[in-house]
Amino acid sequence: MLARESGCDAAALNRMLRLLSTAGVFERVGDGWAHTELSRLLRTDHPHSMRAFARMIGGQVQWAAAGKLRQALSNGQAAVENVVPGGLWPWFAEHPDDASVFDAAMTAKSTGEIAALLPAFDFAPYRVIADVGGGRGHVLAAILEANAGASGILFDLPHVVAHVDASPRMELRGGDFFHDELPRADAYVVSQVLHDWPDEQAVDILRAVRRAAHAGSHLLVLEQVLAESPGPHPSKTLDIVMLTLTGGRERTQEEYARLFGAAGFRLERVVPTAAPGSVLVGIPT
């Protein structure tokens, strides 16, 4: 039945499910297969569905880029540029269907990050919060919902914010953080943005924030901090994903401190969350 409904060869599908079951995704029950806690995350009706994220990771361009990792090892540039010249962002701008899958994937991914962020970090001191490169605004909307006294500004590319259904107290601002002036704010949230870019461009983004920030503003970078200890860690895997797809990288706390310093900020503290990510807090120097 599963093979018929999915248009797959029954024997091949059974072999795939058998492998997935070793990681806790699906389980054999009698002569068939049943959902597990992990596999239910692939359903569209799960409240924390990761189906869109799985679709994005397994997308045609992403999959092809993984096969070009050898070139990235040779020149240090994003492997995806050997598949789509110019890289992932121009590709998304010209292929709205792929872009919508990416946007949905980032929305799905943000669900767990938001749940870990809000209990860990106090946004109450900030009256105006700008989310720089904030996509569809899910992180900013959650921050504003939890902080009734704050207002927010969502800053992202015009074609991104054009499709955002703004929450109460949220202003939409279209622009390019490499070229356009950022809004004035008391706090600047930069969530899962810097790891998309090499150091030079990451510093340019932070310098744009510094030009807009006032003396009392805080820079709040939401990223995984690359573990320096031996052994497995999600940031080490994500680091190679960034090398493959964007040309960016994950960074250690010391490396983030250097980026902050080059842009006119001092890394004041790192606030861990229950998720792999942390809040790196910077103050103007």
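# Briefing: sheet, cores and selected residues

Strand 3 is mostly covered, as five of its five residues are buried (buried means under 20% relative accessible area, exposed over 50%, and partly exposed in between, with a 1.4 Å probe and protein chains only). Helices (H or I, at least four residues) and strands (E, at least two) are DSSP runs numbered from the N terminus. This is a predicted model, in which local features need pLDDT of at least 70 and side-chain atom pairs count only at pLDDT 80 or more, while totals for chains, interfaces and linings use all residues. Residues are numbered from 1 along each chain as its sequence is written, and side-chain values use heavy atoms, with hydrogens and water left out.

- Seven strands form an open sheet with mixed pairing, in the order 5-4-3-6-7-9-8 (two strands pair if DSSP finds at least two bridges between them).
- Strand 5 (170-174) and strand 8 stand at the edges with a single partner strand each, so one side of each has no neighbour in the sheet.
- From one strand to the next, the twist averages 20 degrees (axes are lines fitted to C-alpha atoms, for helices over the stretch in contact, and angles run from 0 to 180 degrees between N-to-C directions).
- Strands of a sheet pair through backbone hydrogen bonds, either parallel or antiparallel.

**Strand 3 and its partners**

- V128, A130 and V132 point one way from strand 3, whereas I129 and D131 point the other way, and all are buried.
- Strand 3 pairs with strand 6 in the parallel sense over three bridges, and D131 has V189 of strand 6 as its bridge partner.
- Strand 3 also pairs with strand 4 in the parallel sense, over five bridges, and the bridge partner of A130 in strand 4 is I153.
- The chain passes from strand 3 through helix 8 to strand 4 in a right-handed β-α-β crossover (right-handed means that, with the strands pointing away from the viewer, the path from the first strand over the helix to the second runs clockwise).
- G134 is found in the loop between strand 3 and helix 8 (138-146).
- G134 touches L154, F155 and D156, not counting residues up to four places away in sequence (contact means heavy atoms within 4.5 Å).
- The C-alpha atoms of G134 and V161 are separated by 9.1 Å, and the two residues are 27 residues apart along the chain.

**Nonpolar cores**

- The largest nonpolar core has 31 residues, and V221 and F260 have the most contacts inside it (a nonpolar core is a set of buried Ala, Val, Leu, Ile, Met, Phe, Trp, Tyr and Cys residues joined through side-chain atoms within 4.5 Å).
- At least two residues of this core come from each of strand 3 (128-132), strand 4 (151-156), strand 6 (187-191), helix 10 (199-212), strand 7 (218-224), helix 12 (253-262) and strand 8 (265-272).
- Helix 10 gives the most to this core, with seven residues.
- Another core, of 23 residues, lies apart from it and includes L117, L154, L220 and L222.
- Neighbours within four places in sequence aside, F260 is in contact with L206, L219, V221, F265, R266, L267, L280, V281 and G282.

**Helix 11**

- Helix 11 (residues 234-245) has twelve residues and reaches 16 Å from its first C-alpha to its last, close to the 16 Å expected at 1.5 Å a residue (the expected span is 1.5 Å times one less than the number of residues).
- S235, L238, M242, L243, T244 and L245 are the buried residues of helix 11.
- These buried residues pack against helix 4 (60-66), helix 5 (69-75), helix 6 (88-94) and strand 7.

**Selected residues**

- S191, found in strand 6, is buried, with a relative accessible area of 14%.
- Residues up to four places away in sequence aside, S191 touches V139 and L222.
- Q192 lies in the loop between strand 6 and helix 10, has a positive phi near 55 degrees although not a glycine, and is buried at a relative accessible area of 17%.
- F26, in the loop between helix 2 (10-21) and strand 1 (27-29), is not a glycine but has a positive phi of about 75 degrees.
- F26 is buried, with a relative accessible area of 19%.
- H48, in the loop between strand 2 (32-34) and helix 3 (51-57), is partly exposed, with a relative accessible area of 45%.
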